[in-house]
Amino acid sequence: MASFQQRKVVGDAHEQHVAEQLTLRGWEVNPWGQGLLTRKLQDALRVTDSFIRWIPDLIAAKGKDLVLIDCKARMTSRNTGRHAVERAAVHAHLQLVAWTSLPVYYVFDDLGVLSPHDVLIAGQEGPHSVVGSGSPYFLISRSNARRFDVLFGSGESATQWGIAS
């Protein structure tokens with residue numbers, strides 16, 4: 001089992017990749033969430049039940065569109081083709097969408113994109129994981145995911161997509 005620090009390195013690289021892909025498509029991207037906090041604050045937050053534990057990793061804007069992105073590195077099974085999202089994160093993100101009126105998107109390694117609503121509706125409750133936090137997950141087929149280029153534009157396009165409108 002990989003340590004938290006090993007998983008964090010992979011997660012940080014995925015966040016950087018997603019941010020670069022958004023930037024190539026004309027989005028302004030900034031880091032957001034726990035990654036901006038000091039180590040002591042991150043550790044303290046990790047042991048609470050507060051929904052702010054699941055603040056998305058990135059915030060991005062293009063024109064009038066503003067979105068929150070939660071990057072999901074190594075959260076897709078090669079054997080089953082299903083993405084996994086922690087149930088508590090989905091519930092927190094549904095509340096965040098209601099509170100902010102902004103869309104939240106999960107972006108996986110293959111750049112497949114799901115919303116918390118997608119996961120809640122089409123996902124199946126999975127068992128407690130034996131890796132990572134050990135928390136229960138929703139499992140959803142990667143075939144349910146939307147393509148990154150459809151939501152955020154292609155690298156060559158300056159089209160206004162209107163996804164957050």
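Analyst: A quick definition before we start: helices are DSSP runs of at least four residues and strands are runs of at least two, each numbered from the N terminus. One more thing: this is a predicted model.

User: Okay, what makes S101 a loop residue, and where does S101 lie?

Analyst: S101 lies between two such runs, helix 3 (87-100) and strand 5, so that stretch is named as the loop between them.

User: Why is S101 called exposed?

Analyst: S101 has a relative accessible area of 60%. Exposed means over 50%, so S101 gets that label.

User: And what is phi of S101 near?

Analyst: Phi of S101 is near 60°, a positive value in a residue other than glycine.

User: Where does L111 lie, then? And is L111 buried or exposed?

Analyst: L111 lies in the loop between strand 5 and strand 6. Its relative accessible area is 16%, under the 20% cut-off, so L111 is buried.

User: How do you know that D149 and R25 form a salt bridge?

Analyst: Their closest N and O atoms are 2.5 Å apart. The rule asks for a side-chain nitrogen of Lys or Arg within 4 Å of a carboxyl oxygen of Asp or Glu, so this pair passes. The pair links distant parts of the chain: D149 is in helix 5 (residues 148-152) and R25 is in the loop between helix 1 (4-24) and strand 1 (28-31), 124 residues apart.

User: What labels do D149 and R25 get for accessibility?

Analyst: D149 comes out at 29%, between the 20% and 50% cut-offs, so D149 is partly exposed. R25 is at 7%, under 20%, so R25 counts as buried.

User: How many salt bridges does this rule give?

Analyst: The count comes to 6. Among them is D110 with R142, where the closest N and O atoms are 2.6 Å apart. D110 sits in the loop between strand 5 (104-108) and strand 6 (112-114), while R142 sits in the loop between strand 8 (136-141) and strand 9 (146-147). D110 is partly exposed at 38%, and R142 is partly exposed at 39%.

User: What makes D118 and R146 a salt bridge?

Analyst: The N to O distance is 2.5 Å, and that falls within the 4 Å limit. D118 lies in helix 4 (residues 116-122) and R146 in strand 9, so the pair ties together parts that are 28 residues apart in sequence.

User: Which strands are called edge strands, and why?

Analyst: The open sheet has 6 strands in the order 1-2-3-5-6-9, with mixed pairing. Strand 1 and strand 9 are the edge strands, since each pairs on one side only.

User: How do you know that strand 2 and strand 3 pair?

Analyst: Pairing takes at least two bridges, and strand 2 (residues 58-62) and strand 3 (residues 65-72) have 5, so they pair, in the antiparallel sense. In strand 3, V67 stands opposite A60. Helix 3 packs on the sheet, touching strand 3 and strand 5, and its direction makes about 140° with that of strand 5.

User: What makes residues 157-162 a stretch to read with care?

Analyst: Over residues 157-162, pLDDT stays under 50. Where pLDDT is low, the predicted coordinates should not be read in detail. For the protein, the mean pLDDT is 86, and 84% of its residues reach 70 or more.

How values were computed: Residues are numbered from 1 along each chain as its sequence is written. This is a predicted model: local features need pLDDT of at least 70, side-chain atom pairs count only at pLDDT 80 or more; totals for chains, interfaces and linings use all residues. Side-chain values use heavy atoms; hydrogens and water are left out. Buried means under 20% relative accessible area, exposed over 50%, partly exposed in between (1.4 Å probe, protein chains only). Contact means heavy atoms within 4.5 Å. Axes are lines fitted to C-alpha atoms, for helices over the stretch in contact, and angles run from 0 to 180 degrees between N-to-C directions. pLDDT is the predictor's confidence in each residue, from 0 to 100.
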